[in-house]
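Subject: Structure handover

Hello,

Here is the structure for your files. My notes on what was found in it follow below.

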Amino acid sequence: MNYRKLRENVCRMNLEIVEAGLVLLTWGNASAVDRENGVLAIKPSGIDYRQLAPEHIVIVSLANGQPMGGDLRPSSDTPTHLELYRSFLEVAAIVHTHSQSATAFAQAGLPVPCFGTTQADHFCGDIPVTRPLTRKEVEQEYEANTGRVIVECFQTRNLDPSHVPGVLVNQHGPFAWGNGCRSAVENAMVLEACAQMALSSKRLNPALGSIPEFLLHKHFFRKHGAGAYYGQGNHVSSQPDGI
Ligand SMILES: [Zn+2]
């Protein structure tokens with residue numbers, strides 16, 4: 001099996017995050033999962049985006065994390081993606097970047113506060129930040145522990161990854177995901193846009209607080225869930241767009 005369609009989709013995602021200005025040099029990676037066949041597809045490690053083609057995309061076993069054929073090594077962040085796919089079963093695709101404003105919040109160890117309806121629509125509130133990794137977690141299985149600390153962040157705060165499709169890893173940067181390739185890329189773009197807007201809003205009004213819960217819930221739930229009435233029923237987080 002050569003997973004042609006999956007490779008094409010993942011190649012396109014990796015090119016789209018560069019085009020969207022979310023990736024400098026090779027600071028980013030995108031993947032998608034095929035749960036039926038128990039594999040994920042991810043960018044190879046250290047390959048120049050200008051040369052990236054579908055045949056370079058690496059297929060990795062979801063069960064044991066090993067590449068399935070080919071000469072190229074998968075992205076060094078593959079164990080992070082594996083942990084997220086194993087724990088967040090509704091996630092079909094993941095994007096990791098070091099986009100500037102989101103990374104500024106991650107480095108500051110701060111969540112992106114929900115100052116307006118743009119973020120309410122897409123993230124149902126603050127974009128959370130994980131706790132920092134411990135020395136031991138960094139020295140042993142660093143990349144897998146990065147995924148585990150994200151899962152821990154969602155479990156301890158009782159967050160639903162399909163309502164909050166992204167996170168900031170403390171001292172590192174953003175991860176975003178979706179129920180398809182397109183929604184994962186869009187959520188990575190929205191995450192960065194929300195971080196940029198939050199920085200500007202706070203600069204304009206340093207005393208600014210989060211939007212009230214009644215406005216937050218009005219915006220989120222008119223697009224998501226049983227009572228949704230916004231758009232044509234194909235919002236990025238409510239319908240699979242195929243991978
Ligand atoms: Zn990174």
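**Zinc site and salt bridges**

Histidine 98 counts as partly exposed because its relative accessibility is 30% (buried means under 20% relative accessible area, exposed over 50%, partly exposed in between, with a 1.4 Å probe and protein chains only). Histidine 172, at a relative accessible area of 13%, is buried.

This is a predicted model, in which local features need pLDDT of at least 70 and side-chain atom pairs count only at pLDDT 80 or more, while totals for chains, interfaces and linings use all residues. Residues are numbered from 1 along each chain as its sequence is written, and side-chain values use heavy atoms, with hydrogens and water left out.

Both histidines belong to the zinc site. The protein donors of the zinc ion are His96 (NE2), His98 (NE2) and His172 (NE2), lying 2.1 Å from the ion. Donors here are N, O and S atoms within 2.8 Å of the metal (3.2 Å for Na, K and Ca); water is not among the atoms, so sites may look incomplete. Along the chain the donor spacing is H-x1-H-x73-H. Histidine 98 sits in the loop between β4 (93-97) and α3 (100-108) and histidine 172 in the loop between β5 (166-169) and β6 (173-178), so this pair, 74 residues apart, links distant parts of the chain. Helices (H or I, at least four residues) and strands (E, at least two) are DSSP runs, numbered from the N terminus.

A search of the whole structure gives 9 salt bridges, each a side-chain nitrogen of Lys or Arg within 4 Å of a carboxyl oxygen of Asp or Glu.

- Glutamate 8 and arginine 4: the closest N and O atoms are 3.0 Å apart. The two residues are 4 residues apart in helix α1 (residues 4-19), which means a separation of about one helical turn. Glutamate 8 is partly exposed at 30%, as is arginine 4 at 41%.
- Arginine 148 and glutamate 83: the closest N and O atoms are 3.5 Å apart. Arginine 148 is in helix α6 (residues 142-156) and glutamate 83 in helix α2 (residues 78-87), 65 residues apart. Arginine 148 is partly exposed at 36%, whereas glutamate 83 is buried at 14%.
- Glutamate 152 and arginine 131: the closest N and O atoms are 2.8 Å apart. Glutamate 152 lies in helix α6 and arginine 131 in the loop between α4 (117-123) and α5 (135-139), so the pair ties together parts 21 residues apart in sequence.

Finally, a network of salt bridges links Glu83, Arg86, Glu141 and Arg148.

Regards
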